[in-house]
Amino acid sequence: MGDERAERIAEFIEPLRVEPGSKVRLAKDFDPGYRAGISKKKEGVELLRNGIELLADYQRRLAAQDTYGVLLCLQALDAGGKDGTIRHVMSGVNPQGVRVSGFKVPSSEELDHDYLWRYTRELPRRGEIGIFNRSHYEEVLVVRVHPENLRRQKLPDTARGPDVWERRYREINDWEHYLSDNGFRIVKLFLNLSKDEQRIRFLKRIDVPERNWKFSSADVRERAYWDDYQRAFSQMLSATSTEWAPWYVIPADHKWFARVCAAAVLAHTLIDIDPRYPQVSDETRSELAEVRRELEAEAPEGAAPDPYAAQAGRAAAPPVAKERHRKRKKKHHRHS
Ligand code: ATP
Ligand code: MG
């Protein structure tokens, strides 16, 4: 990775970062319509394409190194664009290295455990990128805005006093610190949508038949709690943006821009981890050379002993006889 490119990415995401210890007031501090001076969607799409290639390369190295894991937490209000962000940003990445987990209203089994239990179970392994589509932050968002959720959690009285939110912030920070100390980097993105853009997206879900299935009247009812959510988000961002797991507020009114930002923040973390392909020892290398000699000796007559090396210009090798392919094909024909 060129240092210049890494620096450009770092600069690009800086205005989105919630400075640890700062007090956030969403409406005042972050503009959902911000576009970093990029006026054309076309430009953004090109940037995203580059970002996707970069992520694919880093993800291969992350998996090969098998030391670090990355957890991407996505939070948003309804119609904020979580699903589309996942679909686009991860479109170039090997699906084997990614695990996406969504969190809905907790089941009765989940309510039988401590509140972080169900999130712990879905954490990525080393070498993986885990994506939380909604996350443990729901425990200080929807649970706070609708206190009946807290009542359902079967908590002892001592764990549901007025200090419950402050305590949860601390517990979440400690949990994330523990994970990051042990090689799991946490990337936290809040897709920040304006109230009017949410209105327009809901209308689109009504107007476009293919989107009707996405429409939920519960989401529209939830809109009545907009201010409560803004407050809960602001407090949560202020209390849980840490040096080891900072929050990024992603301007979400322009979907294409939100995707560029999400890719950039994830790329920034991967660049920082800088995963490397494992190096083999001298002993293994000489074993490999021995096996190579054996495989080369098995090459059919007229064929390059090592076509890959020949292609890469590493060894002079005779061209593969074209005749052979045709002959084999004919033979196959006779049998069928
Ligand atoms: P979609 O894009 O498909 O609508 P979604 O994440 O909104 O995705 P839904 O099934 O519509 O999925 O909604 C999940 C619901 O679960 C949300 O309303 C969310 O607030 C709620 N939820 C998530 N975690 C908790 C929790 N810990 N306690 C109570 N409710 C929760
Ligand atoms: Mg929903």
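This is a predicted model: local features need pLDDT of at least 70, side-chain atom pairs count only at pLDDT 80 or more; totals for chains, interfaces and linings use all residues.
Glu290 is partly exposed, with a relative accessible area of 36%, where partly exposed covers the range between buried (under 20% relative accessible area) and exposed (over 50%), for a 1.4 Å probe and protein chains only. Residues are numbered from 1 along each chain as its sequence is written, chains are lettered from A and ligands numbered from 1 in the order in which they are written, and side-chain values use heavy atoms, leaving out hydrogens and water.

Glu290 forms a salt bridge with Arg293, and the closest N and O atoms of the pair are 3.0 Å apart. The term salt bridge stands for a side-chain nitrogen of Lys or Arg within 4 Å of a carboxyl oxygen of Asp or Glu. Because they are 3 residues apart in helix H14 (residues 282-297), Arg293 and Glu290 are separated by about one helical turn. Helices (H or I, at least four residues) and strands (E, at least two) are DSSP runs, numbered from the N terminus.

The chain as a whole is divided into domain 1 (3-273) and domain 2 (283-335), with bounds that come from an automatic or database domain assignment. Between the C-alpha centres of domain 1 and domain 2 there is a distance of 49 Å.

Across the whole structure, a search finds 25 salt bridges. One of these joins Asp196 to Arg199, with 2.7 Å between the closest N and O atoms. Another salt bridge brings together the side chains of Arg118 and Glu110 (3.2 Å, N to O). In this pair Arg118 is buried, with a relative accessible area of 8%, whereas Glu110 counts as partly exposed at 22%.

Salt bridges also link Asp57, Arg61, Asp274 and Arg276 in a network. Asp274 lies in the loop between helix H13 (255-273) and H14, and its relative accessible area of 28% makes it partly exposed. The backbone of Asp274 has a positive phi of about 50°, although the residue is not a glycine. A positive phi, of about 55°, is also found at Asp66, again not a glycine. Asp66 sits in the loop between helix H3 (41-65) and strand E1 (69-76) and counts as partly exposed, at 46% relative accessibility.

The surface carries several patches, which are made of residues with over 30% relative accessible area and no salt bridge; like charges are joined within 9 Å, and nonpolar side chains (Val, Leu, Ile, Met, Phe, Trp, Tyr) within 5 Å. Accessible areas come from the Shrake-Rupley method with a 1.4 Å probe, and for residues only the protein chains shown count as cover. Lys and Arg count as positive and Asp and Glu as negative, while His and the chain ends are not counted; each charge is placed at NZ of Lys, CZ of Arg, CG of Asp or CD of Glu.

A patch of negative charge is made by Asp3, Glu4, Glu7 and Glu11. Glu7 belongs to helix H1 (residues 3-13) and counts as exposed, at 52% relative accessibility. Positive charge gathers in a surface patch formed by Lys41, Arg87, Lys204, Arg211 and Lys255. Within this group, Arg211 lies in the loop between helix H10 (195-207) and H11 and is partly exposed, at 33% relative accessibility. Leu203, Ile206, Phe215 and Val220 make a nonpolar surface patch of about 300 Å². Val220 is placed in helix H11 (residues 217-222) and is partly exposed, at 35% relative accessibility.

Away from the surface, Val140 counts as buried, at 0% relative accessibility. Val140 lies in the loop between strand E3 (129-133) and helix H7 (142-145). Although Val140 and Phe233 are 93 residues apart in sequence, their C-alpha atoms are 8.6 Å apart in space.
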